[in-house]
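The sequence and coordinates I consulted are shown here.

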Amino acid sequence: MVSTADAPDGASGHSPDGASGGTAADEPTGGEPAGDEPAGDGPAAGPPRSTRRERTGWYFYDWANSAFSTTVVTVFLGPFLTTVTERAAGCAIDADDCTGTVHPLGITVAAGSYFPYLVSLSVLLTVFVLPVMGAVADRSRHKKRLLAGAAFTGAAATAAFALVTGDRYLLGGFLFLIANVAFGASVVVYNSFLPQLGGPDDRDAISSRGWALGYLGGGLLLAVNLVAVTLLSRSGDPQRTLDLARWSIVSAGVWWAAFTLVPLRWLREHPAPDAAAGGNVLTDGFRQLGGTLRGLKAYPLTLFFLLAYLVYNDGIQTVIALASQYGTKELRLEQSTLIVTILLVQFLAFGGSLLLGALARRIGAWKTVLFSLVLWTGVILAAFRLPAEAPLPFMVLGAAIGLVLGGSQALSRSLFSQLIPVGKEGEYYGFYEISDKGTSWLGPLAFGLVFQLTNSYRVGLVSLLIFFVVGFVLLLAVPMRRAVIAAGNTPPRLL
């Protein structure tokens, strides 16, 4: 790690707003852990220090980009782009069942399959882009510029959905691919700042606060858009509803770009000692990535943690992705119930992130994540027993998901920061994001296969238990303290 004294603003440690370094105001205060581990964080001279303003700037990128995850990916984009594609296939805008096809790049694709195929293609692209982006970030002395480039590219592509009218499904697909890949690239750079914002004992709280603010921001914009669509839609006018969905997507791009200005203003650069002072950062990044890939076997415990995360996180992502389908098809719930539940999950995830972050300060992040996986198992079993056509139990279950969702993800992020060799934060978070996104088809595949064999959504949902049980066992088997030391870092007091 690089201490504040190593940063470009010199030994005085000036904060971005011109405050002098070395004062109490510059130290982690106001509820943030002090990060006063005597031995420092690994081989660096001392634990990283950051001002409250800098950490707040970092939190705000979660607030900024969560609008894309919630408003765009989770709610509006799939139905919107599918409707545009069905129009291109010759179906009426309000058709209940469209069997038409489209022909992107000369390939015959069912209109209803276009968006799922785009999601799969974007995942494939991220597998190649994210590690490279991480390697370039590690070699660059200007990570904020990389964050700005990726974030503004994704936000611009999202806002450009204003142009996706009529049957322009190809333009919509192209913009989604750009936005989704840019989103993943920006998150890699963003996460790579985390080890530089605090010492080993700080990061759980820092990560939890960022994740919590992300759920709050994403939920706020989603609530505004859902209210607007509900109030402004007209019965018998599907085109108006489609236009409202399009402008909701555009609003997420504007939100993303506007709030990205906060971290760009308040974050400071913490370049690694061997960051490229000149030369071609891109080619140097590729060279470093090759060296990292060859050296991965030197950190088997870090890879073992990634395997555990890959398994249990796939279960989490599948529950999120299929909850609406389960509520609609199996429980026969109204759309209004699903909307209320989605908002409930978003806002309770804010409190859940902070709650599990507080628990981690008492028992350690590793034990808290293990505890959250037990809770996830309980969520699956409870969902299996939910009665049909009963909105209240479904909402209660949504509340439980919200409380456990944000904390399990935030603490996984901070745990992984302890296992990254110094100077390779970007690359390793690139692999982390691949573990997050690159295997997101496994859970839906298991669910789909079980449903095909049993014709039961309930049994299909229970099949997801395997991800939480196996993920729990794998994570339990990781000797965390030894893994942190093997990566060259100082373990936190509590794991």
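The entries below record what I looked up in this predicted model.

**Entry 1, helix packing.** I began with helix H9 (residues 335–363) and helix H11 (residues 391–417), which pack at an angle of about 40 degrees with their axes 6 Å apart. The two helices, H9 and H11, are therefore oblique to each other. I noted that their crossing is right-handed. In the contact of H9 with H11 I found 17 nonpolar residues, ten polar and no charged.

I checked the span of H5 (residues 203–232): its 30 residues reach 43 Å from first C-alpha to last, close to the 44 Å expected.

Glu54 and Arg268 meet at 3.2 Å, N to O. Glu54 lies in helix H1 and Arg268 in the loop between H6 and H7, so the pair ties together parts that are 214 residues apart in sequence. Both Glu54 and Arg268 are buried.

Asp62 and Arg413 form a salt bridge at 3.3 Å, N to O. This pair links H1 to H11 across 351 residues. Asp62 is buried at 8% relative accessibility, and Arg413 is buried at 2%.

Asp243 and Arg246 meet at 3.2 Å, N to O. Because they are three residues apart in helix H6, about one helical turn separates Asp243 from Arg246. I recorded Asp243 as partly exposed, at 25%, and Arg246 as buried, at 8%.

Notes
Residues are numbered from 1 along each chain as its sequence is written. This is a predicted model: local features need pLDDT of at least 70, side-chain atom pairs count only at pLDDT 80 or more; totals for chains, interfaces and linings use all residues. Side-chain values use heavy atoms; hydrogens and water are left out. Axes are lines fitted to C-alpha atoms, for helices over the stretch in contact, and angles run from 0 to 180 degrees between N-to-C directions. Helices (H or I, at least four residues) and strands (E, at least two) are DSSP runs, numbered from the N terminus. Angles under 35 degrees count as roughly parallel, over 145 as roughly antiparallel, 65 to 115 as roughly perpendicular and the rest as oblique. A crossing is left-handed if the near helix is turned anticlockwise from the far one by less than a right angle, and right-handed if clockwise. Ala, Val, Leu, Ile, Met, Phe, Trp, Tyr, Cys and Pro count as nonpolar, Asp, Glu, Lys and Arg as charged, and the others, Gly among them, as polar. The expected span of a helix is 1.5 Å times one less than its number of residues. A salt bridge is a side-chain nitrogen of Lys or Arg within 4 Å of a carboxyl oxygen of Asp or Glu. Buried means under 20% relative accessible area, exposed over 50%, partly exposed in between (1.4 Å probe, protein chains only).
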